[in-house]
Amino acid sequence: MDVKLAEQFMLKLIEKSSEYGFEEAEASFMNSSSMSVDILNGEVSSYERSSDQGVSFRGKINGQMGTAATTEFDDDALDFLLSSALENIGVLNDEDEHFIYCDPNNSNLRYEALSPNYVKNTYNRFAEIGLDLEKRILAIDPAVKGVDYLSISCGTGPQIIINSKGLHAYRDDDSVSIYAGAHAEKDGVVKSGGYYWYGTDIDEFNAETFTKELEKRLMGKFGARSMPSGSYDIVLGNEAFISMIMTFFGNFSGYSMMKGISLLAGKEGETIAASCFTLKEDPFYEKAIYKVPFDSEGVTTRAKAFIDKGVFKTAMYNLRSAAMAGKESTGNGFKSGYKANVSASFTNLVVEPGTKNFEQLCETVDDGVYITELNGLHAGVNAISGDFSLFCEGYRIKGGKISNAVEQITISDNFYSVLKKISEVGNDLIAEPHGEGEFFCPSVIIKDISVAGDAEE
Amino acid sequence: MLSDSNISRILEAAMSKTADFAEVFYEENSARGIALLNGKVTGAGTNYDAGVGIRLMAGTNVVYVYSSDKDPDTLIKLALEAADALKGGSPAEIKALEALCKSTPNRIMIDPMKTPKSDMVDFIKKASDYATSYNEMITQTTGSISTGNRLIRVCNSRGLNKEESQSRIRLSFEVIATKGNEKQTGRIAPGSMRGYEFINEYPIIEKTQECCDTAIRMAGAGYAPSGKMPVILGNGFGGVIFHEACGHALESTSVGIKSSCFTDNLNTQIASPVVSAWDNARIEGEWGSYMIDDEGNESSNLQLIKDGILTNYLIDELGSRRMNMPATGCSRRSNYSYAPTSRMSNTFIANGSESPESIIADTEYGLYCTKLGGGSVDTATGEFNFASNEAFMIRNGKICEPVRGATLIGKGQEVLMDIDRVGNDLELSAGVCGSISGSVPVTVGQPTIRVSSMLVGGREAGEE
């Protein structure tokens with residue numbers, strides 16, 4: 001749908017909302033166009049293209065906010081959205097006020113970051129890259145039995161917010177990504193591994209380095225064995241550390257804290273992590289592909305530390321949780337889709353890197369485990385208490401060097417204890433897409449982690 | 001809704017080049033629900049979305065396009081572009097659409113889409129009030145009721161022309177018990193394809209009390225031990241072990257490309273002889289049921305394992321082409337924005353003959369998991385893990401102290417062989433399964449079973 005037509009619909013929706021008794025009103029629109037190519041056995045096995053859009057309405061009466069959403073854009077849809085939202089207000093009795101907002105100095109927010117390279121994302125280009133990549137992966141080793149999943153995809157589409165207080169926000173960007181997973185078999189033992197790449201210019205994808213990394217992740221797993229249970233110092237690899245922080249990051253939501261769901265409630269200003277650990281948010285981080293100048297409530301974002309040298313500086317606040325806490329919004333109110341409610345999320349997260357490289361981290365640990373992957377993060381954790389018991393993969397560290405691969409082990413501890421047990425932060429920063437932007441994070445050393453295995457050495 | 005003639009035009013456009021098969025999938029979803037936090041209504045929502053997915057196949061090559069724009073000319077243009085992008089194949093004839101055949105797996109007494117939201121609010125509030133007055137350790141309650149109607153129309157170049165209406169309702173309620181810094185949860189989340197009568201008949205107070213008891217018990221529990229030990233898995237959601245450890249690896253998504261650990265295992269023993277298992281999409285009123293799948297094929301009651309022998313895979317159209325075996329009516333998708341693929345419906349281990357009490361009594365030392373959380377599996381290696389939400393130690397055939405934080409890990413192939421006892425108390429439990437075609441409602445289920453040896457990841461040293 002043409003953006004101009006969507007905007008006309010949204011303005012009409014807001015205009016008509018007062019007829020239904022709404023005191024304040026807001027409309028959100030999202031359009032997404034995507035394309036993906038999957039490769040299997042030397043052929044393009046699947047090609048997908050899409051164009052999807054929807055609009056949501058939220059309106060306020062007596063402090064309560066009614067919502068409704070649809071994919072339709074006709075006159076019936078106007079009535080559906082407004083009457084449904086009104087019906088919903090009829091049952092709401094939320095104690096905490098919701099807000100529709102516009103900063104008069106920043107009422108027209110615009111971020112257009114469409115890459116000129118997006119036009120390179122064609123079926124033929126994706127097919128060519130994918131077929132070549134599949135060949136390279138199969139050539140890694142005769143043990144590689146299949147590339148089970150190889151997908152190249154790209155997406156773009158604007159998000160628009162218009163409200164009765166004068167806000168007109170527009171954001172548009174794009175991305176392209178590649179994921180490949182393969183399995184290999186040696187002497188009846190099967191191992192699987194995968195790797196990904198993302199960016200905004202498909203020409204920056206390097207098949208050679210991608211294949212090398214995938215080789216490490218797949219073939220490195222052979223010869224794995226379990227290990228004796230006990231307490232070990234671990235190097236928690238950058239990817240594994242990202243997945244751990246992300247699992248528990250909901251506890252940094254101001255709303256969860258105000259509602260007493262997060263154990264971080266009342267701890268702003270206190271030391272909650274080791275002094276070597278700083279976790280900050282930077283919407284304009286120079287290494288980030290995605291910049292995020294404003295959130296889904298029309299609040300401009302800013303750089304800040306969540307944890308500064310171990311001290312918990314601030315939680316993520318949106319307009320509502322900030323009002324509950326008697327604070328200002330930190331610009332962390334985001335919607336994950338047009339249908340979603342505003343909740344706490346972030347722009348770009350950065351764990352401040354230390355000075356040691358990965359090899360030096362292993363030398364420091366001397367006798368321990370290097371954890372590369374944490375599995376079952378949606379299952380083996382208590383997201384509130386921070387307790388976890390996770391099936392993981394990695395390598396034994398002996399004499400300060402990487403030794404054999406380990407499998408069938410779990411590590412158990414508590415997230416809040418882990419933050420305090422970080423003894424070193426490395427400098428091997430990697431980036432992964434998370435939240436509204438990316439998460440930049442190095443590997444770390446965690447002292448005394450309980451490892452459960454079932455083998456002698 | 002698209003007319004027969006417009007659907008035929010789209011199919012003609014899709015088949016205009018080299019496709020040997022084309023399918024039009026039209027979908028409308030209406031959803032409404034309420035959410036409460038500590039007895040206050042903090043959320044109430046209403047959504048409607050609709051869209052169309054067009055799939056073309058040439059052998060095992062697939063092109064899938066979808067759009068929320070239902071204008072016939074836009075869709076014809078999309079179908080022509082898809083036809084251009086499809087590689088291989090040779091033109092095939094299009095059969096005229098058959099007369100529309102309508103179905104529904106529902107038998108609804110009270111329409112949940114018309115039930116006043118205030119009724120839903122009152123129901124959750126009753127549970128919330130009960131929980132907060134039950135024990136002062138209960139510090140938080142959250143609850144929701146959501147209902148949805150899904151109308152699908154599937155038409156294809158073979159003349160298939162079907163429509164199904166599916167209505168689902170789900171209740172979710174969770175309590176948090178706090179003891180010092182320790183917070184533990186107890187939850188229920190039953191789902192059904194019955195009407196609002198399902199909610200009216202649900203024993204909410206009894207179940208709320210169970211939730212509170214679990215949360216309170218676990219908040220005071222010590223950590224689970226680590227190491228290999230016999231594990232008894234309680235009935236109902238305990239079936240997530242089978243769903244993860246076996247079910248996913250029987251889907252043609254992985255078997256069809258020979259990446260599953262159960263590839264080429266048909267008619268061989270993959271489980272202990274005490275294990276029989278089914279995937280039955282035709283159980284009336286059950287959360288994971290449907291009469292036609294998202295390819296328009298009739299759903300089935302499929303025996304997956306008989307006395308330990310693998311008898312069937314779950315096969316969709318694409319899997320059927322890859323494996324040269326008939327589709328089993330198990331093709332599903334979250335919505336029109338996904339191409340369908342082989343998925344589970346109501347999947348469970350069948351009843352054995354033993355009482356759960358005798359299984360516990362015969363266990364000298366081990367872990368008894370009464371409530372399991374979610375899990376995940378690598379279908380290539382069979383490695384899985386899942387969490388226990390409530391567990392107890394067993395000593396000398398008796399249920400002893402509760403333990404928290406246990407993760408169960410292993411390889412599907414090994415665990416299936418290690419099931420040595422199967423109870424007679426089969427129960428099904430609603431869940432949502434995520435995979436490449438999105439999230440779909442499924443039930444998992446089993447009677448009480450015992451795995452003779454399984455790795456438990458806990459925080460304390462195990463006993464020898």
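## Nonpolar cores

In this predicted model, the largest nonpolar core holds 203 residues, and those with the most contacts inside it are A:Met10, B:Ala215, B:Val231 and B:Leu367. Setting aside its neighbours within four places in sequence, A:Met10 is in contact with A:Ala27, A:Phe29, A:Val55, A:Ile160 and A:Ile162. There is also a second, separate core of 57 residues, which includes A:Ala184, B:Ala22, B:Leu75 and B:Leu78. As a general background, nonpolar side chains tend to be buried together in soluble globular proteins.

## Helix H5 of chain B

B:Ala215, one of the residues with the most contacts inside the largest core, is among the buried residues of H5(B). This helix covers residues 204-219 of chain B, has 16 residues, and reaches 22 Å from its first C-alpha to its last, which is close to the 22 Å expected at 1.5 Å a residue. Besides B:Ala215, the buried residues of H5(B) are B:Ile204, B:Thr208, B:Cys211, B:Cys212, B:Thr214, B:Ile216, B:Met218 and B:Ala219. In general, an α-helix has 3.6 residues a turn, so residues three or four places apart point the same way.

## Two domains in chain A

Chain A is divided into domain 1, residues 3-219, and domain 2, residues 230-452. The centres of these two domains of chain A, taken over C-alpha atoms, are separated by 24 Å. Where they meet, 26 residues of domain 1 of chain A are in contact with 20 residues of domain 2 of chain A. On the domain 1 side of this contact, the elements of chain A that give two or more residues are S1, S2, S3, strand S4 (108-112) and S9. That side of domain 1 divides into 14 nonpolar, eight polar and four charged residues.

## The contact between the chains

The contact between the chains takes 59 residues from chain A and 64 residues from chain B. On the side of chain A that touches chain B, the elements supplying at least two residues each include strand S2 (43-61), strand S3 (64-70), helix H2 (75-91) and strand S5 (144-156). The largest share of that side, twelve residues, comes from S2(A), and its residues as a whole divide into 17 nonpolar, 29 polar and 13 charged.

## A hairpin in chain A

Strand S21 (residues 430-434) and strand S22 (residues 437-441) of chain A are joined by five bridges and run antiparallel. They form a hairpin with two residues between them, and A:Gly435 in the turn has a positive phi of about 55 degrees. The bridge partner of A:His434 in S22(A) is A:Gly437.

## Positive phi in two loops

Most residues other than glycine have a negative phi. A:Asn41, although it is not a glycine, has a positive phi of about 50 degrees; A:Asn41 lies in the loop between strand S1 (24-40) and S2 of chain A. A:Asn41 counts as partly exposed because it has 13 C-beta neighbours inside 10 Å.

In chain B, B:Asn396 has a positive phi near 50 degrees and is likewise a residue other than glycine. The place of B:Asn396 is in the loop between strand S18 (383-395) and strand S19 (398-404) of chain B. With 9 C-beta neighbours inside 10 Å, B:Asn396 counts as exposed.

Note on methods. Residues are numbered from 1 along each chain as its sequence is written. Chains are lettered from A and ligands numbered from 1 in the order in which they are written. This is a predicted model: local features need pLDDT of at least 70, side-chain atom pairs count only at pLDDT 80 or more; totals for chains, interfaces and linings use all residues. Helices (H or I, at least four residues) and strands (E, at least two) are DSSP runs, numbered from the N terminus. The expected span of a helix is 1.5 Å times one less than its number of residues. A residue is buried if 20 or more other C-beta atoms lie within 10 Å of its own, exposed if 12 or fewer, and partly exposed in between; C-beta atoms are placed from the backbone. Two residues are in contact if their C-beta atoms, placed from the backbone, lie within 7 Å. Ala, Val, Leu, Ile, Met, Phe, Trp, Tyr, Cys and Pro count as nonpolar, Asp, Glu, Lys and Arg as charged, and the others, Gly among them, as polar. Domain bounds come from an automatic or database domain assignment. Two strands pair if DSSP finds at least two bridges between them. A nonpolar core is a set of buried Ala, Val, Leu, Ile, Met, Phe, Trp, Tyr and Cys residues joined through C-beta atoms within 7 Å.
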